[in-house]
Structure formats: structure tokens, C-alpha cells
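Please read it with the sequence and the coordinates side by side.

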Amino acid sequence: MSNLEKMRTAAVILAAGSGKRMGSSTKKQYMLMKDRPIIYYALKIFQESFIDEIVLVVAPGDQEYCKKEIVEKYGFDKVIQIVEGGKERYHSVAVGLDCIKECGYVFIHDGARPMVTEEILERALSCVKEYRACAVGMPVKDTIKIADEAGNIVSTPNRNLVWMVQTPQVFDYYLIKDAYHKLISQEEKLQRKGIAVTDDAMVVETLTGHSVKLVQGSYENIKITTPEDILIAENFLGR
């Protein structure tokens, strides 16, 4: 890899979810928030940041709509490709990673987190340069309880050691490519063992053994999951 390629950064932005918990016929990434689709806000931050290129992963059948109504309409020219995602989140990430050529670092971000900021991206970039793998998050504010299947409290972890993890999650290009290659090739084996992959940090931890550093995000960097979340995010935008 040349020095120029080592300096380049790419992003995979996921907008392939169905948003069932929103209770709307419109997919949540296209629902309006302050007269703009939710996915607009994350794309805008990445577009205006140091990121060199973006791969946008969308739901099957949404490519043309996203191209015309999102990417072209708002001038997101860093989006080099719009591709259809897969059945699970990790399938969609794998598809996005396949579209990225050699670079230094890859940012993976959920498009349903519109309140990401350039400051968060910069902190993550500094962190990944040192540790090769990092995940944005924040320490929890509440006491957390671990329950059994019957809903009984089993244990109470030390709150000072518990974080709620957000995105982006950022990785050295070769590390994340290797991790996802192993994940896809061992998918059935992992399923038989009952290992459910829920985020990219877990893919790297489980398949490569490489530790992932936590880096501070923001309590405002919420994920839009229910209608109430839109009201909260709009309030943040209004400020």
C-alpha cells in the first residue's frame, strides 16, 4: 500500500434497515426530521469531513431512489457507490466493505444515527491510528442489571466499567477486511455455537482476537429507533 493509500479513509454507511419499531410505512431512514430525511444528516457530516469516500448500503430496491432523492438531490458526491444490503446487519457491512479499495481506515456508521459530529469522527480517527480498532460510545448513566430468562436479577456490573456503544466503529482496513472474511466463511459454525454478532467491534474481537478501544462519542449521538427518538433528535438540532 502506498503512503497516499495509507492516509485515505473510507466509510460504510448503513441505511438498509426496515425500521419496524417506527410504526410507519415509510422506512425510518427516509422519514423526515426538520424537513430532511434522517439519513441526510449522517451523510452530510461525512460528506463535509475528512472522509475521502462513502459506500451507502440500502435496502433491496432502494438504490435508484437513494441515488436521485438523497445523493444527487443533496450533492453527496463522496458517495462512490450505492449497494443493496443483505439479510442481517453484518451481511450489509460485508457488502459495503467489498466495495472499498485499499485505504488506511474504514468508518462503519449506522445511518439511523443522525447526530454524529465531525468532532466524533476526528476523535475516532486519532484513536484508530493508535489502536487499529475503536468503537465510539459513552459511559452509562444508569445502574445496569443482568437478568436471567425469567426476568430475575442475576448480577449488577460495576457501572464505571459499562459503556453504551454507538457508531461509527473504526478499523484498520486490513483488520476489518480479515475479520469479515472470517465471519462470512464461518457463519454457519458460529450460528451452531449460538454466537450472535451484534456489532463490528464484536466481529473483530471474536474473529481476530484484536482488542477494540472505546472512544468518547456523545450522549446526543442517539440511534433513531422509535417515534420518540425523532422528537429528541429534532430538539438537539433546534439547539
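Which residues does A10 touch, not counting residues up to four places away in sequence? With contact meaning heavy atoms within 4.5 Å, A10 touches I51, E53, I100, C103, Y105, V106 and F107. This is a predicted model, in which local features need pLDDT of at least 70 and side-chain atom pairs count only at pLDDT 80 or more, while totals for chains, interfaces and linings use all residues. Residues are numbered from 1 along each chain as its sequence is written, and side-chain values use heavy atoms, with hydrogens and water left out.

A10 is placed in strand β1 (residues 9-15), where helices (H or I, at least four residues) and strands (E, at least two) are DSSP runs numbered from the N terminus. Its relative accessibility is 1%, so A10 counts as buried; buried means under 20% relative accessible area, exposed over 50% and partly exposed in between, with a 1.4 Å probe and protein chains only. Although A10 and K78 are 68 residues apart in sequence, their C-alpha atoms are 9.5 Å apart in space.

A nonpolar core is a set of buried Ala, Val, Leu, Ile, Met, Phe, Trp, Tyr and Cys residues joined through side-chain atoms within 4.5 Å. The largest such core has 42 residues, of which I39, L43, F46, I54, L56, V79 and F107 touch the most other members. Helix α2 (residues 38-48) gives the most to this core, with seven residues. Eight of the eleven residues of α2 are buried, namely I38, I39, Y40, Y41, A42, L43, F46 and Q47. Leaving aside residues up to four places away in sequence, F46 touches A11, I13, I51, I54, K78, F107, H109, V116 and L121.

| Helix pair | Angle | Axis distance |
|---|---|---|
| α4 (residues 89-98) and α6 (residues 173-185) | about 130° | 10 Å |
| α6 and α8 (residues 200-208) | about 75° | 9 Å |

Angles under 35 degrees count as roughly parallel, over 145 as roughly antiparallel, 65 to 115 as roughly perpendicular and the rest as oblique. The helices α4 and α6 are therefore oblique to each other, and their contact is made by R89, Y90, H91, V93, A94, L97 and D98 of α4 with I176, K177, Y180, L183 and I184 of α6. By contrast, α6 is roughly perpendicular to α8, with L175, I176, D178, A179, Y180, K182 and L183 of α6 meeting D200, V203, V204, L207 and T208 of α8.

Some backbone features remain. The peptide bond from T167 to P168 is cis, with omega near 15°, and P168 is found in strand β10 (residues 163-172). D35, in the loop between β2 (32-33) and β3 (36-37), has a phi near 70°, a positive value in a residue other than glycine, and is exposed, with a relative accessible area of 63%. R132, which lies in the loop between α5 (118-131) and β7 (133-139), has a positive phi of about 75° although it is not a glycine, and is partly exposed, with a relative accessible area of 35%.

Conventions: Axes fitted to C-alpha atoms, helices over the stretch in contact; angles between N-to-C directions.
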